[in-house]
Amino acid sequence: MQKEIAIAAHDLRMTYPGVRPVHALKGVSLDIHQGEMLLVMGPSGSGKSTLLSIIGGLLTPTGGSVTAAGTELTHLRRKELARFRLQNFGYVFQGFNLFNSMTGSENVELAFHVRGIQGRSARRAARDLLVHLGLEEHANRPARDLSGGEKQRVAIARALAGNPCAILADEPTSQLDAENGAIVTNIFTDLARSRGTTVVITSHDYRIRRAAERVVLLDDGRL
Amino acid sequence: MPRFFVALCGIVFAVTLLTVQVALFTGFSNSTTLPIAESTADIWVTAPEMLYFEGTLPLPYSDVAKVRAVPGVQRAEALSLSVARWRSPHDLLALGRVIGFDPNGTLFDPDGADRSTLQRLRAPYAFAIDATQMGILDLHHTGQSGLIGALPARFAYVTHGTQPIVSATFFYTSLETANAYTPSALSFFAPPGAAPPPLEGSDPIMYVLVKASDPSASAQLAAAIERRVPHVRALTRDAMIATTRDYWVKRTGIGFVLTLIALMGAFVGVVIVGQILYTSINEHLQEYGTLKAIGVNDAYLYGVIALQASCMALIAYFPSLALTFGIRAISAGRGVDILITPGGALLVLVIALAICIGAGMAAMQRVTQADPALVFRA
Ligand SMILES: Nc1ncnc2c1ncn2[C@@H]1O[C@H](COP(=O)(O)OP(=O)(O)OP(=O)(O)O)[C@@H](O)[C@H]1O
Ligand SMILES: [Mg+2]
């Protein structure tokens, strides 16, 4: 069965300027299918985060193009790109990046607020997501008091708030213990299988490697 | 959280500086027009050359009758103004102003004294002064005497809050006494001990105070007076106040200096608030960056900062207002009036909000220039 292409990257090149310019990507082409769980692996400094930033519309490459949801990202202006990210992508970070003074639930509600959903609707939707991820008990504790695994699940709930077509996760399990790493990995697998969400992960975690449908290896800016 | 407290002290200091300047400005401009506020006259008639309350030229006393004859004038009373050379019982010298008015009249009453108090000015060579001026004149209690020019002068009663800070001491006397003190040939021939004679038509006065039959038509009546009485200018009470206030505020540069200090207060406020918000934003840069990465637009982020900044403005505003009232209490009775009006308080609130939000917007540059891809860097 040939699946639809969700994100198409063509001949991506990224050079970070500086006294000694860094060629982080040296021509990367990659098609990511809808509902696919793709794992990007590679040694430290090979350009994984750079690739994910470009695919996710956070960074404009110095060469090449990215097309997602039928839109050529490299042609969008800053503001349009921000709106595109808000409507199409969800992000999960290595360090969780939660608002520590807010509760888990408020962190997720915030993601609804910035999309124009307010008040009780936002509260209910946030609660549904958290319950779905098995967090009904801890949702009302401040984010800083949650365990790493709980934090990352709150972060995933936040990423899902906009009902994105793709989730981009940079080393989402590297700060988690084995058990929580497995829980998070299962959540991603389930997202791709049952929701049809495209999941792009960078990781060293072999557990994800086993769960991923496809693994690409990045080495020195090349696949 | 001591850091927050220190920060708060900083903003409170800046906003207090601002509030005191505004209050000082209000107090100052209010003070310059005190004699006009002390009168219930609807219209002030004076020489066309008039610049401000004390800066005008004399009219003949006979103009009072002419003004009184204009239809629509209910009452007309004279107010005179002349230079006083004061010599205290201990030969201390001071320069002042004699304000002569009719103690039997109804249009001028410094400090709103009652009838019987006012009647004390009917005694020959009796005067009233503001409590703040007693020290300058070397006077300690009523009943003491000194000299104005070559004539005796007796301290009859004390007024409160009537002395403009910009003016030399005002001696409030009856018209007759004031006329006797006015340096002219007449006073030289006044027999010692005799009461000053009533005014004649040619004697100088400065203003004709007018009560209109219909106060709401004061402007029309003022125009009618200018038509019917030659060589005078008639100003409504509001115009008189505005002319005098504007003279002092614009022409003396005092307003400019106070505005400058107020601007300095505002500047200090911007720097302090900007510094605090910048530090706070820096500490939460990761969170702002996360919002940016998610795709939240700048307007939303500006809103978040504006809200924080407004909270700071409000938190600082009320202690500042309280402090200013405290400073007012301390400085009361020293000639400097710190006046906090609702309008002034509102102005300070608006400026405080503008300062904080402005500083917040400047500090926001840190966020708008941040690279959204930062979030994927550990
Ligand atoms: N903003 C930047 N400016 C300059 N060089 C950068 C910048 N970001 C990344 N680099 C460089 O680009 C190369 C690729 O970086 P990248 O973060 O994409 O690697 P990575 O594969 O994610 O590494 P890690 O596994 O350590 O996270 C590295 O050599 C890095 O030093
Ligand atoms: Mg990385």
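Biologist: What makes the strand order β2-β1-β4-β5 of chain A a sheet with antiparallel pairing?

Modeller: In this predicted model, these four strands of chain A form an open sheet in the order β2-β1-β4-β5, and their pairing is antiparallel. Two strands count as paired if at least two bridges are found between them; β4(A), residues 63-68, and β5(A) are joined in the antiparallel sense over two bridges, so this pair meets that requirement. Within the pair, A:Ala68 stands opposite A:Thr71 of β5(A).

Biologist: Why are β2 and β5 of chain A called edge strands?

Modeller: Each of them, β2 at residues 22-33 and β5 at residues 71-72, pairs on one side only. Helix α1 of chain A, residues 48-55, packs on this sheet, where it touches β1 (5-16), β2 and β4 of chain A, and its direction makes about 55° with that of β2(A).

Biologist: How do you know that β1(A) and β2(A) are paired, and what lies between them?

Modeller: Nine bridges join these antiparallel strands, and since at least two are asked for, they count as paired. A:Ile7 stands opposite A:Ile32 in β2(A). The two strands form a hairpin with five residues between them, and in its turn A:Gly18 has a positive phi of about 160°.

Biologist: Which strands stand at the edges of the five-strand sheet of chain A, and why?

Modeller: This open sheet has the order β6-β7-β8-β3-β9 with parallel pairing. β6 (89-92) and β9 (214-217) of chain A each have a single partner strand, so one side of each is left without a neighbour in the sheet. On average, neighbouring strands here are turned by 15° against each other, direction ignored.

Biologist: Why are α10(B) and α12(B) called roughly perpendicular?

Modeller: Helix α10 (residues 285-294) and helix α12 (residues 342-368) of chain B pack at about 65°, with axes 10 Å apart. Angles of 65 to 115 degrees count as roughly perpendicular, and these two helices are therefore described in that way. B:Leu285, B:Tyr288 and B:Lys292 of α10(B) make the contact with B:Arg366, B:Val367 and B:Thr368 of α12(B); these residues divide into three nonpolar, one polar and two charged.

Biologist: How do you know what span to expect of α12(B), and where is its kink centred?

Modeller: At 1.5 Å a residue, its 27 residues should span 39 Å, and the end C-alpha atoms are 38 Å apart, which agrees.

Technical notes:
Residues are numbered from 1 along each chain as its sequence is written. Chains are lettered from A and ligands numbered from 1 in the order in which they are written. This is a predicted model: local features need pLDDT of at least 70, side-chain atom pairs count only at pLDDT 80 or more; totals for chains, interfaces and linings use all residues. Side-chain values use heavy atoms; hydrogens and water are left out. Axes are lines fitted to C-alpha atoms, for helices over the stretch in contact, and angles run from 0 to 180 degrees between N-to-C directions. Angles under 35 degrees count as roughly parallel, over 145 as roughly antiparallel, 65 to 115 as roughly perpendicular and the rest as oblique. Contact means heavy atoms within 4.5 Å. Ala, Val, Leu, Ile, Met, Phe, Trp, Tyr, Cys and Pro count as nonpolar, Asp, Glu, Lys and Arg as charged, and the others, Gly among them, as polar. The expected span of a helix is 1.5 Å times one less than its number of residues.
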